[in-house]
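Visitor: I am new to this structure and would like to learn how to read it feature by feature. Could you take me through it slowly, giving the general idea before each case?

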Amino acid sequence: LETAAGFPFAINNSTGWIVVASELDREAVDFYSFGVEAQDQGNPPMASSASVSVTVLDVNDNSPEFTQREYSARLNEDAAVGTSVLTVSAIDRDANSVITYQISNGNTRNRFSITSQSGGGLISLALPLDYKLERQYLLTIAASDGTRQDTAQVIVNVTDANTHRPVFQSSHYTVNVNEDRPVGTTVVVISATDEDTGENARITYLMEDSIPQFRIAAETGAVTTQMELDYEDQVSYTLAITARDNGIPQKSDTTYLEILVSDVNDNAPQFLRDSYQGSVYEDVPAFTSVLQVSATDRDSGLNGRVFYTFQGGDDGDGDFIIESTSGIVRTLRRLDRENVPLYSLRAFAVDKGVPAKRTPVAIQVTVLDVNDNPPVFERDEFDIFVEENSPIGLVVARITATDPDEGTNAQIMYQIVEGNIPEVFQLDIFSGELTALADLDYESKAEYVMVVQATSAPLVSRATVHVRLRDANDNSPQLKNFEILFNNYITNRSGSFPGGVIGRIPAHDPDVSDSLTYAFEQGNELNLVLLDPRSGDLRLSPALDNNRPLEAVMRVSVSVRVTVITDEMLSNSITLRLADMSQERFLSPLLSRFLEGVAAVLAAPRHRVVLFNIQTDTDVGTARILNVSLSVLLPASGHSARFFSSEELQERLYLNRSLLAAISAQRVLPFDDNICLREPCENYMRCVSVLQFDSSAPFLASDTILFRPIHPVTGLRCRCPPGFTGDYCETEIDLCYSSPCGSNGRCRSREGGYTCECHEDFTG
């Protein structure tokens, strides 16, 4: 009625067809609403109007576009595998577009990977970097919507890292020095190596402990005396020497230097303490230091040289070792506080005299708790039974877990992580009580499956909870009207009439615990249908086995229709192929619309359309194609049953398949005439496929219809071309016998027909 300039639709004044007048762009306008008016040519003219809404559907006509053409990032060569580098992002203006990202070029040695995450492409480190091999990567990233794509460049610069620490050649050194050596005597030169380069490989040496008798050259690692040594004051020295590089951050290694003075073995080693106590967390790696014990021996030489051992003592069943020269007690394997919370160890300090002297010391190690045990549910799955219609707020169960850790590490919080949408239940975060928040209806949902999680951060455990409702009788039975369509083939009656159960009354009670009883209220006085009152099973009376069609209406509401199928019907029938259709959906609710569509196309009353077979096509793999066989009585056939020929049915229904599809809401596929593809007919005879009776099939059931099909088999018929007759079309008919050219022309026979030659002074 009123449209702005550039409106993309136009209407044909005569036919009313609305057409697209200019190009549409869903990304600009995706919905149009306008009015149309129909006006007659009378006087005065009469008019009516209607509103039209047009939704523009999307097609993939836009490529993804990166928000940047070039990205850059800097990454240290010691970055851990899995480190996020950066996120690239592309935008696709099309609706419901799913963008995937991939590295299409430049990924040398596959160092990087990319994953789609929250609409972007997250580039992560897939394999370790090496500054010495590659210092820069130029990655090409492709964003694709499955058909179209865009690319962007990502520059990743690798920076050098202090990846190696200094390493001493030995974990400890032992040297001897005479107490009469002058000040400045070099005792030993300690050296370490570092595989880095530049400042990262320049090593500085230092002593961790301040021992005035010795000093170490920072550049060379030479250990020299800076005071006179006195055996009576101290017989041995243990120096902790650290080699530290100049990288950022600095890395180091520590070794121990033991300097011994000789004397006779007349003194046993003496520990600096009567006992030692230490603590260590249970999750530390093997060879973690716990504490250090220290003992002295005033003797000199081998007699005053002390080492430490658990031999003859207690090493915690092999869980600890002690370094022989430094006295550092280390873990030998992973500890478990839940198994052994406290260790009482016994170590010895032993000199090297003959005979050796040894002194024991008690060491107590407390294992500290870490949260290394997840909560544990009693079982992996819980079955909870609840009466339907239970009150809101009812506590239906208490779900708990245990944690062998202690203190705050054993605190557990509970939550529902899956299956509670919409929110029907609530789980108390601390007590684990499961409460109903909504009405529970067995008929709406009989079982709720949820996943609950117990959290002792950061550790979690999960269990599956099945809340099963117990049914209560709170619903009435439900019954729809339905039809029984019985196709009875009368030519071959042997075994074709169904004597058993043909189906069941489609009554339904939402309460599963209820049992139903069945009975006819009226209309079955002749007992044409036999009903089992307990099961609802239906049988047909043998009185229906005759050659008369019948229709009867009963209550429960049931209508019974008996259709007589003859050979004449079969020979003048066709089989339509319906796309994406099942037997149940065709019977309810599309059967009525299909019959109306066929009747409309053929301009015949609906009751003259005889449908006698519905069968799923099993020769097309996974495609859902339904074969529907039918014949149609001619509108003016009177008492004699004359049918549309199969050729006419095939031509008219297929040529008008768009009208049939519009009325019946079903798509008709091309006919399957494979039986004639082999050209079995001779002498130019025309091959026509026909149906012949094969067998009677069991009843098919839907919500409102019980249908008894007749399963035919496809045969063929050979018809002679015009001008020929006989069993093999071997006899030519004289088509001029009836003088078709009249008195002013001469008939001349020719193969397949005749021609007329006009007499002089005549034409036509």
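Guide: Let us begin with burial: a residue counts as buried under 20% relative accessible area, as exposed over 50%, and as partly exposed in between, using a 1.4 Å probe and protein chains only. By that rule Arg-337 is buried, with a relative accessible area of 11%. What you see is a predicted model, in which local features need pLDDT of at least 70 and side-chain atom pairs count only at pLDDT 80 or more, while totals for chains, interfaces and linings use all residues. Residues are numbered from 1 along each chain as its sequence is written, and side-chain values use heavy atoms, with hydrogens and water left out.

Visitor: Which residue does the side chain of Arg-337 meet in a salt bridge?

Guide: A salt bridge is a side-chain nitrogen of Lys or Arg within 4 Å of a carboxyl oxygen of Asp or Glu. Arg-337 meets Glu-406 in this way, at 3.5 Å from N to O. To place the two, we need strands and helices, which are DSSP runs numbered from the N terminus (helices are H or I of at least four residues, strands are E of at least two). Arg-337 lies in the loop between strand 28 (328-331) and strand 29 (342-351), and Glu-406 in the loop between strand 34 (401-402) and strand 35 (413-418), so that the pair links distant parts of the chain, 69 residues apart. Glu-406, for its part, is partly exposed, with a relative accessible area of 42%.

Visitor: How many salt bridges does a search of the whole structure find?

Guide: The search finds 19. One of them joins the side chains of Asp-150 and Arg-69 at 2.9 Å, N to O; Asp-150 belongs to strand 12 (residues 149-159), whereas Arg-69 is in the loop between strand 5 (65-66) and strand 6 (70-76), 81 residues away. Asp-150 is buried at 14% relative accessible area, while Arg-69 is partly exposed at 49%.
Another salt bridge brings together Asp-580 and Arg-624, at 3.4 Å from N to O. Asp-580 sits in the loop between strand 48 and helix 2, and Arg-624 in the loop between strand 49 and strand 50, so this pair ties together parts that are 44 residues apart in sequence. Salt bridges can also share partners, and in this way Arg-337, Glu-338, Asp-369 and Glu-406 are joined into one network.

Visitor: Which residues of the largest nonpolar core touch the most other members?

Guide: A nonpolar core is a set of buried Ala, Val, Leu, Ile, Met, Phe, Trp, Tyr and Cys residues joined through side-chain atoms within 4.5 Å. The largest one here has 32 residues, of which Phe-586, Phe-594, Val-598, Leu-611 and Val-632 touch the most other members. Among the elements that each supply at least two residues are helix 2 (583-602), strand 49 (609-616) and strand 50 (625-632), and helix 2 gives the most, with 10 residues. A second, separate core of 26 residues includes Val-386, Tyr-414, Val-424 and Ala-436.

Visitor: How should I read a sheet, and what is the strand order in the open sheet of 4 strands?

Guide: Strands of a sheet pair through backbone hydrogen bonds, either parallel or antiparallel; two strands count as paired if DSSP finds at least two bridges between them. The open sheet of 4 strands has the order 14-21-20-17, with mixed pairing. Strand 14 (172-176) and strand 17 (203-207) stand at its edges with a single partner strand each, so one side of each is left without a neighbour in the sheet. Strand 14 pairs with strand 21 (residues 252-260) in the parallel sense over 5 bridges, and Tyr-173 stands opposite Leu-257 in strand 21.
An open sheet of 3 strands, by contrast, has the order 24-28-27 with antiparallel pairing; its edge strands are strand 24 (289-292) and strand 27 (320-322), each pairing on one side only. Strand 27 and strand 28 run antiparallel and are joined by 3 bridges, with Ile-322 opposite Val-329 in strand 28.

Visitor: Is Val-280 buried or exposed?

Guide: Val-280, found in strand 23 (residues 275-281), is buried, at 6% relative accessibility. Contact means heavy atoms within 4.5 Å, and, not counting residues up to four places away in sequence, Val-280 touches Val-290, Leu-335, Val-365, Thr-366, Val-367 and Leu-368.
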